[in-house]
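Please read them with the coordinates open.

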Amino acid sequence: MFAVLIFLQSILPPSMAEYQRLRCRVAFHGLQFRPEIQVLGRRMVERLRAWGLPFLAFHPGLVRDTLAYHGCAELFQDVHTELIQHRRAQMIKQRIINEELSIDSHVRKRNGSCPLMPEEVGLVLRAMGYPPNTIIYLAGSETFGGQRVLIPLRAMFSKIVDYTSLCSKKELFNIIGPEEPLPFDMFQMPPSKSDTQLKNEWNKAGPRPRPLPPPPDRPIYRHEKEGWYGWITETDKEPEPSLMDLRMQAHRLIWNALDYIVSVEADAFLPGFHNDGSGWPDFSSLVMGQRLYEIASSRTYRPDRKVLAELFDSIRDDIYNPKHNWTHAVREHLTQSLSEEGLIKESLFSKPTSFLSHPLPECSCMVSSSGNPNPVRDVNGRLLYGGEDKCPDWMQRSFSVSMKETEVEQGEVDETEPIIYETDSDNSEDSTSKNNTTLFFDRDEELDPND
């Protein structure tokens with residue numbers, strides 16, 4: 001029990017430095033995925049590298065529980081709004097949330113509590129100068145709202161892939177393994193209700209947004225009730241998950257493991273939502289912590305959603321044709337999140353909850369060849385940045401050997417010119433035209449909302 005409490009505690013005192021090192025080794029080395037999952041994950045990374053372009057991993061963070069917890073129902077439409085509100089009502093009943101059921105989602109959005117929508121992520125990436133042929137790996141086995149919310153992002157970037165497009169059905173089947181067959185037809189028609197019962201239920205529904213009933217002259221077809229949200233047309237009580245639902249939830253854990261491996265190895269990672277210290281680390285927070293532990297200088301964006309919400313509100317009237325100062329502000333914000341200031345800010349938010357999302361400086365050490373940054377502390381004297389212990393001699397020797405091998409490999413290149421990644425529209429060899437087409441949205445005409 002004592003060991004479990006130590007592992008769950010976010011910050012340990014200096015007298016327990018050995019326990020902290022043990023936690024780091026267990027969290028980032030001891031816990032491993034199954035060998036077949038690791039092999040397939042590395043194979044997916046190799047297939048992405050085979051295209052010869054760097055790739056970016058993006059996790060939308062659009063999960064029903066997250067949206068319900070933070071009150072982001074009004075960002076969606078139709079049946080999805082009611083599904084979020086229904087889950088929020090359950091959380092209130094279970095005392096997970098001590099708030100009202102109906103709140104202004106747009107206020108929460110401006111406060112930075114709601115995830116970035118895929119359309120906004122696409123505009124941010126365009127502002128950062130990513131070309132339309134950028135390879136984007138879509139992580140996360142569950143994206144609430146389905147493919148419809150991803151349409152704007154796919155319109156801006158054509159090379160969006162996920163585990164289904166990188167792996168064959170046979171490879172995914174081998175990862176899952178043999179399973180018992182389920183009954184072929186698991187759908188059961190709900191008991192019919194009289195017109196009086198339907199009318200009374202509709203009158204008692206209250207002001208909640210509900211899907212309109214179908215016209216009386218058109219029957220409700222079978223396929224309209226077989227969806228995972230089909231129960232909303234018949235009852236206010238969400239049914240218990242079926243055997244197929246439970247099986248799909250187990251499969252999602254495997255797909256999340258594959259997404260985790262690819263996201264850690266990606267050239268850049270952008271989270272659509274991470275907890276920011278408001279709860280236990282989610283998928284994006286764990287990926288950011290792993291990338292920070294393995295390579296602290298990796299390009300891991302840590303956007304402040306409140307700042308981005310203010311920037312998007314300023315161009316809401318003409319969102320696809322922002323001014324240059326807006327583009328400069330977005331670039332400055334995301335570039336700042338990669339710097340030392342971004343690490344310090346992330347440490348303030350994430351470290352008090354769990355060291356897994358920000359394992360610095362507890363899980364790192366300083367080699368003698370690197371510079372010693374000035375340690376930064378908060379008001380309570382806790383280290384936020386710098387102050388790492390000196391690495392042991394065996395680690396410094398192995399580091400120096402790897403650096404020498406890298407220098408030898410670079411010396412064998414014979415000073416070849418660097419590779420320049422061009423966009424699809426850069427077909428001419430005129431260098432002047434290339435310099436004049438730095439930003440994709442300055443030349444794009446296909447995404448005009450007036451078309």
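1. The structure is a predicted model. Every value in this note should be read with that in mind.

2. Disulfides, overall. How many disulfides does a search of the whole structure find? The search gives 2. One joins Cys24 and Cys363, and the other joins Cys72 and Cys114.

3. Cys24 and Cys363. The sulfur atoms of Cys24 and Cys363 are 1.9 Å apart, within the 2.5 Å cut-off for a disulfide. The torsion about the S-S bond is -75°, and the link is left-handed. This pair links distant parts of the chain, 339 residues apart. Cys24 belongs to helix H2 (residues 17-30), whereas Cys363 sits in the loop between helix H16 (340-350) and strand E6 (365-366). Cys24 has a relative accessibility of 5% and therefore counts as buried. Cys363 also counts as buried, at 13% relative accessibility.

4. Cys72 and Cys114. In this disulfide the sulfur atoms are 2.1 Å apart. The link is left-handed because the torsion about the S-S bond of Cys72 and Cys114 is about -100°. Cys72 lies in the loop between helix H4 (64-70) and helix H5 (79-93), and Cys114 lies in the loop between helix H6 (105-110) and helix H7 (118-127), so the pair ties together parts that are 42 residues apart in sequence. Cys72 and Cys114 are both buried.

5. Cys167. A further cysteine, Cys167, has a relative accessible area of 7% and is therefore buried.

6. Nonpolar cores. In soluble globular proteins, nonpolar side chains tend to be buried together. The largest nonpolar core here has 45 residues. Which of its members touch the most other members? They are Leu56, Phe76, Leu125, Tyr130, Phe157, Tyr301 and Phe312. Helix H7 gives the most to this core, with 5 residues. Another core lies apart from it and has 29 residues, including Leu48, Leu258, Phe283 and Met288.

7. Surroundings of Phe76. Leaving out residues up to four places away in sequence, Phe76 touches Leu62, Leu67, Thr81, Ile84, Met117, Phe144, Gly145 and Val149.

8. Aromatic pairs, overall. A pair of aromatic rings is described by the distance of the centres and the angle of the planes. The count comes to 6 aromatic pairs. Two of these pairs are taken up in the next points.

9. Phe33 and Tyr260. The ring centres of Phe33 and Tyr260 are 5.8 Å apart and the planes are at 70°, so the pair is edge-to-face. Phe33 is in the loop between H2 and helix H3 (35-49), and Tyr260 is in helix H12 (residues 243-265); the pair therefore ties together parts that are 227 residues apart in sequence. Phe33 counts as partly exposed, because its relative accessibility is 34%. Tyr260 is buried, with a relative accessible area of 16%. Ring pairs link Phe33 and Tyr260 with Phe283 into a cluster.

10. Tyr163 and Trp255. Stacked or edge-to-face? The planes of Tyr163 and Trp255 are at 20° and the ring centres are 5.0 Å apart, so this pair is stacked. The pair links distant parts of the chain, with Tyr163 in helix H9 (residues 163-166) and Trp255 in helix H12, 92 residues apart. Tyr163 is buried at a relative accessible area of 15%, and Trp255 is buried at 7%.

11. His274. This residue is placed in the loop between strand E4 (268-271) and helix H13 (283-294). The relative accessible area of His274 is 1%, so the residue is buried. Beyond its neighbours within four places in sequence, His274 is in contact with Asp282, Ser284, Ser285, Met288, Pro303, Arg305 and Glu346.

12. Helix H13. The helix has 12 residues and reaches 17 Å from its first C-alpha to its last, close to the 16 Å expected at 1.5 Å a residue. Why is H13 described as largely enclosed by the rest of the structure? The reason is that 9 of its 12 residues are buried. These are Phe283, Ser284, Ser285, Val287, Met288, Gly289, Gln290, Arg291 and Leu292. The cover over the buried residues of H13 includes H2, strand E1 (55-59), H12, E4, strand E5 (299-300) and H16.

Notes. Residues are numbered from 1 along each chain as its sequence is written. This is a predicted model: local features need pLDDT of at least 70, side-chain atom pairs count only at pLDDT 80 or more; totals for chains, interfaces and linings use all residues. Side-chain values use heavy atoms; hydrogens and water are left out. Helices (H or I, at least four residues) and strands (E, at least two) are DSSP runs, numbered from the N terminus. Buried means under 20% relative accessible area, exposed over 50%, partly exposed in between (1.4 Å probe, protein chains only). A nonpolar core is a set of buried Ala, Val, Leu, Ile, Met, Phe, Trp, Tyr and Cys residues joined through side-chain atoms within 4.5 Å. Contact means heavy atoms within 4.5 Å. Rings of Phe, Tyr and Trp (its six-membered ring) pair if their centres lie within 6.5 Å; planes under 30 degrees apart count as stacked, over 60 as edge-to-face and the rest as tilted. The expected span of a helix is 1.5 Å times one less than its number of residues.
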